[in-house]
Amino acid sequence: MSSHQHAVPVPVGGKLFNAATFVCGVLVAIMIAILITRFLFGLGAVTNLNDGYPWGIWVVFDVVIGSAFACGGFSVAMLVYIFNKGEYHPLVRPALLASLMGYTLAGVGVIFDLGRYWNFWHILWPTYANPNSVMFEVAVCITAYVLVMWIEFSPVFLEKWGMKDAKKKLNKVLFFFIALGTLLPMMHQSSLGTMLVVMGSQINPLWQTPVLPLLYLLTAIVIGYGVVLFESCVASSAYRRQIEVHLLQPMAKIMLGTLAVYLVVRIGDLVMRGALSHAMSPSLEALVFWVEMILFMAPFALIGSTNARRNPARLFLAGVAIMLGGIFLRVNGFLIGYDTGPGWNYFPSIAEMLVTIGMFATEVLGYIIITRRFPVLPREDVSAAH
Amino acid sequence: MTTRRNFLRGCLAGGAAAAAAVVPETACARDTLQRPPEGLGLLYDATLCVGCQACVAACKQVNENPPEFTAMEKLWDTPLDTSGHTFNLIKMYRNGTMETKDAEQNGFSFMKTSCMHCADPSCVSACPVTAMIKDPVTGVVAYDADACIGCRYCVAACPFGIPKYQYDSPTGKIGKCELCRHRHEDGFYSACAEVCPTGATLFGRTEDLLAEAKRRLALKAGDWTNVPRGRLPAKGEKPEDAAKWKGLLDQSYEVRVGNYLQHVYGETEYGGTQVLKLSAVNFEKVGMPNLPPKSSAATSETIQHTLYGGLIMPIAVLAGLTFVARRNVVADDETPKGGK
């Protein structure tokens, strides 16, 4: 099959020190300074967290949204290895790298937020574990997934360092890690939605439903494709490479199909529970609900036709709309639609935002260093000859 | 052809996981848990409360909590809500001219804020490391700081906003009422009930407290009745059992029956709580949420057990995925690559 003749990944090369890496480095340094304050004086010293809003952007952005944005690797690997769409193979490594960075940092980011972080290992220790807890499931799954992803990604390092035997051995069992790497995100991405269920009526009915796991799983898959669209466009322009429109066009179609399923489930659930009346009230909740819905519907207008899907600008915008929709769904459920009673409010402090920005900078920095030095992105001339 | 067949197979494997998420509550359904028969609790009667805050001071003392200042002069403890350092508080409801006690219009009332010791606590279900434990006998919802990772999922999960975190400390703990379980073995019951001068907060077995609450609701408002103070003896309590607890046995006195709403708060909410409340003012207006008889812990755990019970579903899906991935990855590996 000709579709399997894909471009070989090679390092992009070039200097590691440039304007982009310098800015990222400064942002990372600021983050470290804030984190030192946090560990010396407590969460209250740098965050606006309170007992009405015990979770802020470090949980909702860095972990809940950060891990969903890191679903590109999962979504593309599922396409290539489960649905046997080998033609998408060149997208696997770059997507997997972004996922690897995103998830590893989400896992590390949790530590910053834990009030009694020195006990963090309890969550993986059988005598402490509470299998009834949704968070226990999420934590175990994410930890396992980070390990699995490093294994999935390790051929990149083995290639670079010329460890052919090790790569051959790994290749024989890689299919199992790929299967595991597909299952684990399904489990924890759905559970990230289930986390809201135990909060009961504190969550606005627009975002509190027993189908939360399905909603979060479907959006995680869609966001995965959206992020790939976004990243392919950004990486192409930053490295002055050709955009893989021939791959992104059909992938965007699959994304729209999954998105359509999501919208049917989402709207069907709202209608069946009679929760739509909450979307009609003049409130902030109703407003952000409609923003969320419009963002998830926008891709149909942007890239509904095959012709439109060949336009890189439209693909990019559709990717951005999906990512923003994913942000809104999660922020709406975890923060805006969360109400513990009168008198409580939360808006992140500058320091909290700088840590979240610093985490993002760490991701970008890691992505640049690895793609410049390791074989991740497909070789340009082969890709152009396609 | 192969591609198409594999695509369909992949759909099946992926679909199984997605379908699993919407499986209706069947075999794995986890019912709302009920109160243990010997469960201990409190009965708070807002019509008897005079708002003296003696219970707040006593709670601070026995739990060795520091005062919290909200006034300009830092003279005495003035918390505005429960916190990581304040486990019990009497809050005030005010309306209009505030002329009449226990009146919704132009009146005022009090409400105790402290742990309800739910039959099916959200915090216990949420905690990933079993740091929140419901005692199987007394039903007290206890906290173990040595197990706690400080994730604050309990804070987010509790519908009463009870577990609170100490944000002001680099080694902050969760703070909440544990019904003075650390004093029980010495024969002391909950300090708030012990010091309450009017019997507005009463300690005892929830079963007995519920009977007492219902007795009061059956009386005619304005009539005289005898109410106990401190500890309510269990129904048919033997002298040796009574001797376990310190304090005067009968501290009852005569009061006028309050103008109660016909609702024992905590009898059925979330499957019932071990702390019960009586009020003359609408419970939602005095800060007690309107909760269904089914607990959210039951809903959450039903979803989790349906998906992950015995790890059957994940293992089945993994087997399907492994089978499909094996075929596809091998095919992928056999293709000649540029370097080979």
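These legends go with several views of a predicted model.

**View 1. Chain A on its own, with 13 helices and zero strands.** Reading from the N terminus, the elements go α-α-α-α-α-α-α-α-α-α-α-α-α. Chain A has a radius of gyration of 21 Å, close to the 21 Å that the globule rule gives for 386 residues, so chain A is as compact as a globular protein of that length. Laid along its principal axes, the C-alpha trace of chain A covers about 60 × 50 × 45 Å.

**View 2. Burial and contacts inside chain A.** What share of the 386 residues in chain A is buried? Buried residues come to 55%. As for sequence separation, take the contacts in chain A between residues at least 6 apart: 80% of them join residues at least 24 apart.

**View 3. Where chain B meets chain A.** Here 62 residues of chain B are in contact with 63 residues of chain A. On the chain B side, the elements giving two or more residues are α1 (2-20), α3 (122-126), α4 (153-157), β7 (164-165), α9 (296-308) and α10 (312-334). Which of them gives the most? That would be α10(B), with 12 residues. Sorted by class, this side of chain B holds 33 nonpolar, 21 polar and eight charged residues.

**View 4. The two domains of chain B.** Domain 1 of chain B takes in two stretches, 4-31 and 297-327, while domain 2 covers 40-293. Over C-alpha atoms, the centres of these two domains of chain B are 43 Å apart. How many residues of domain 1 of chain B are in contact with domain 2 of chain B? Four are, and they meet four residues of domain 2.

**View 5. The largest nonpolar core, with 215 residues.** In soluble globular proteins, nonpolar side chains tend to be buried together. The residues with the most contacts inside this core are L229(A) and C154(B). Helix α7 of chain A (residues 212-238) supplies the largest share of the core, 17 residues. Chain B takes part too: domain 1 (4-31 + 297-327) and domain 2 (40-293) of chain B each put in at least three residues.

**View 6. A close-up of L229(A).** Set aside the neighbours of L229(A) within four places in sequence, and what is L229(A) in contact with? The list runs to L248(A), A252(A), L315(A), F316(A), A318(A) and G319(A).

Definitions and conventions: Residues numbered from 1 in each chain as written. Chains lettered and ligands numbered in written order. Predicted model: local features only at pLDDT ≥ 70, side-chain atom pairs only at ≥ 80, totals over all residues. Contact = placed C-beta atoms within 7 Å. Helix = DSSP H or I, 4+ residues; strand = E, 2+ residues; numbered from the N terminus. Nonpolar A, V, L, I, M, F, W, Y, C, P; charged D, E, K, R; others polar. Domains from an automatic or database assignment. Core = buried A, V, L, I, M, F, W, Y, C linked by C-beta atoms within 7 Å. Buried ≥ 20, exposed ≤ 12 C-beta atoms within 10 Å, placed from the backbone. Rg over C-alpha atoms; globule rule 2.2 N^0.38 Å.
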